[in-house]
Amino acid sequence: MDYIGEHRLPGQFGHFFIVLSLVASLVASFSYFKATQSKNDIDGGYWKRLARFAFITECISVFSIFAILFYIISSHLFEYKYAWQHSSRSLEVKYLLSCFWEGQEGSFLLWSIWHCVLGLILIKTSKQWEAPVMTVVSFAQFCLATMLAGLYIFGYKIGSNPFILLRESDVFSVAPGMHIDFDVNNPVRSDYLTMIKDGNDLNPLLQNYWMVIHPPVLFMGFASTIVPFAFAMAGLWTRKFGEWVRPALPWALFSAAVLGVGIMMGAKWAYESLTFGGYWAWDPVENASLVPWLVLISGIHTLLIYKHSGHSLRASFLFFILTFFFVLYSTFLTRSGILGETSVHAFTDLGMNAQLFVYMALFAFAAFVLYGTRYRDIPAIHKEESSSSREFWMFIGSLVIFLSAFVIIGKTSLPVFNKLFGTKIAPPENPEFSYNQIQIHVAIILGVLTAIVQYLRYKSTPAKFFWKGIAIPTAIAAVAAALVLQFGDINYRKETFGFLVFIWVGVAASIYAIIANAGYIWVGLKGKLKLSGGSIAHVGFGMVLLGILLSSSKKEILSFNRGGITMQGMDAKEAGENITLIKGMPVQMGKYDVTYVSDSMHPKKQQWYYSIHFKSRTDDEEFTLKPDAFVNYKGNEGLMANPDARHYWNHDVFTYISALANPDKTKDTSTYHTKVLKPGDSLFYSQGYMILDDVTARTDVPKEIFGPDGSLHEAPMRIFSKTGSIFSLTPKLALAKGNMVAIPDTVTSEGLVIQLQKVNPDKSVELGVKESDVPLEYVALKAYKFPFINLLWFGVVLTAIGIIISMVRRISLNRLSTNR
């Protein structure tokens, strides 16, 4: 049957390039394998040329798949399931790219794109390491290509094809409740496309600029971990156990910088888009991305130990293997659906669990078998390091970081454990504290080690040399920490006093790390920034620790309100932490007068935007925040909200809508009733009476607004309520450029609106009086103050800059070594 309006050609091209990508990546993997195994240069060169051609073909295929899918999404070709499921006609152009990574297929495609980019760079730069390294990269590309294949082999479906048609998909039969209007009893009618009004839209929480840039950076970080892993495998495979370290180290530093920034971009997105009041909640998906980075950092430090002392080469192999393994394991956790009940970020199961497990198991089995069989052949110095050496304490630090990662992944894997062994172990009642009570000790240890280790020498450090360098930074840090703890009012009352003591120690340790490493740049490195990458990164890391501790321990709730609205599911404590704002009525909140000024609705979606005005009573500070909220949007139950924040150098004022009136029940259908009054007359209404005090006319109005003959009439009045309250209001009537414009005034608490409709020559007036019996327009607002949170964000940037400086220096050293 021919289906009217279907654009089949883009999908057919997409299918072709998916198959071509699958075949080309397999050919590249086999050819690079043969090139590595070849005994002579002629055969090796032949296989390498074939492998390069196949890999470049695979890259062209992947880029073509991306371009075609983008065309389908941006052209709103809703006959394709992926375009319909993740986009809509109302979606802003700047968020079209986000449609790619809302679905699993697009995120696998993004991962594959970065492998292509990295692979092309490796072909150009890795020289004698090209064949073994690219064997690993090409085979990873083959595994990723199977994720997009959507092919059936022996009745088993391999992958999920992003070019599948909507009418061929499993969502077609349930589509009537999801923006498609047609008869499910005849779902394949030839003109079904005319019944599709719009797409299912992008999740509104992903409609944020951070979600346009965060996933590409994060996936570049994930993808780049394969490079140091591939070099480690190449070193084991070719028995060049030490030679791989030099080319691998810059790649490991690059991966650490990009992955770290990508993770913290996700934290920034969570801070700006989610409502848990922070940037990190120890969510399983967050943890799954953090663990590979921690293990990678351990591997980088053991590589440096090996380069300078010959120790820790075996540990370096292990750490880089585990880094890539945890990347694959985190992929399995987040995409298998196993975390569906424990994480708000996890993908749903697309039926690829077995395939994801095989992908992970193949690499894990090959890597650990190769590592195990070569373990005794890996060079190792059996003499123990001196306890006064830099490498000894660097290894201790690496081990602490690794054990921290091990604890995090162990807690995160609880759902896997339950599923494997049929147990029903419940997660901790307070998951956040269960992590924090362990990681605070890690922060203290790492803060102290980061401060002192760079003042040690490799092999051995004379005590006099060490104390000469570290004494002054230690004294300065002690004074600074004492001042911060004395006057900083760091009182984390949420948990036990013992935990607060550890926070104090952690603050002191992070200050020590900042000052000691800043001092080392000038004392130990004579201010040479090109050599200071490590110290700069450590200063940034200290700032990250300090920013986390200060912003979390000193986080202050501003919106205390004993009369807060208690919504369903909101207990008394929560209600007391949410201030109720009635439209137009200022409410005191701390030092601010806060007013719900106005609201507006998205022209095409059930999404409301609120203007909340803050005015300080103690100084000239004044600003407006615009959080938004939406109810039952794209199948989500209950209220969802996007926060807004006011940023200062030393704190943020963070707000979000926690409750709102039902917009359908607050539509005003009442009308004005006209009454004629003269000054001094009174008029009763249902809740009291009003007196018209006067009628005035002004002609001294701005001519550019009102015109040459413009005027403004005002009718000041007093409202006397049954409750004893007295209100003043002044409705106005303007003559502006020949048009009469009524400007009503409102007593919100009385539901009373007065409109000045006409002024007669005898000073009598026609007043429109409207009483509304609908519920008041209100929102419940939660507001926090985050002190020194910018210290965290600045520390992340500084850490990345330091790592990049180190990477550039390592590349320069490698080039000098090659040219000798």
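1. Let us start with helix α14 (residues 414-421) and its cover. What covers the buried residues of α14? The cover includes α11 and α13 (390-412), judged by contact, meaning heavy atoms within 4.5 Å. The buried residues in α14 are L414, P415, V416 and N418; buried means under 20% relative accessible area, exposed over 50%, and partly exposed in between (1.4 Å probe, protein chains only). After α14 comes G422, with a positive phi near 70°. Helices (H or I, at least four residues) and strands (E, at least two) are DSSP runs, numbered from the N terminus.

2. A word on the source: this is a predicted model, in which local features need pLDDT of at least 70 and side-chain atom pairs count only at pLDDT 80 or more, while totals for chains, interfaces and linings use all residues. Residues are numbered from 1 along each chain as its sequence is written, and side-chain values use heavy atoms, with hydrogens and water left out.

3. Now for the whole chain. There are 21 helices and 25 strands, and the C-alpha trace spans about 110 × 80 × 60 Å along its principal axes. Of the 820 residues, 55% count as buried. Among contacts with a separation of 6 or more, 68% come from residues 24 or more positions apart. The accessible surface is about 37700 Å², with 61% of it belonging to carbon and sulfur atoms; such areas come from the Shrake-Rupley method with a 1.4 Å probe, and for residues only the protein chains shown count as cover.

4. Is S98 buried or exposed? Its relative accessibility is 0%, so S98 counts as buried. Leaving aside residues up to four places away in sequence, S98 touches L202, L206, M211 and V212.

5. Next, the rings. The structure holds 49 aromatic pairs: rings of Phe, Tyr and Trp (its six-membered ring) pair if their centres lie within 6.5 Å, with planes under 30 degrees apart counted as stacked, over 60 as edge-to-face and the rest as tilted. One of them joins F332 and F357, which are edge-to-face because their centres are 6.3 Å apart and their planes stand at 65°. F332 belongs to helix α11 (residues 313-335) and F357 to helix α12 (residues 353-374), so this pair ties together parts 25 residues apart in sequence. F332 is buried, at 12% relative accessible area, whereas F357 is partly exposed, at 44%.

6. Ring pairs also link Y271, Y279, F654, Y656, Y784, F786 and W793 into a cluster.

7. Four strands form an open, antiparallel sheet in the order β13-β24-β23-β22, where strands pair if DSSP finds at least two bridges between them. β13 (673-677) and β22 (745-747) are at the edges with a single partner strand each, so one side of each has no neighbour in the sheet. Seven bridges join β23 (residues 752-759) to β24 (residues 765-771). Which residue in β24 is the bridge partner of V753? That partner is K770, and K770 also lies over the face of Y672, at 4.7 Å from the ring centre.

Technical notes. Lys NZ or Arg CZ within 6 Å of the ring centre and 35° of its normal.
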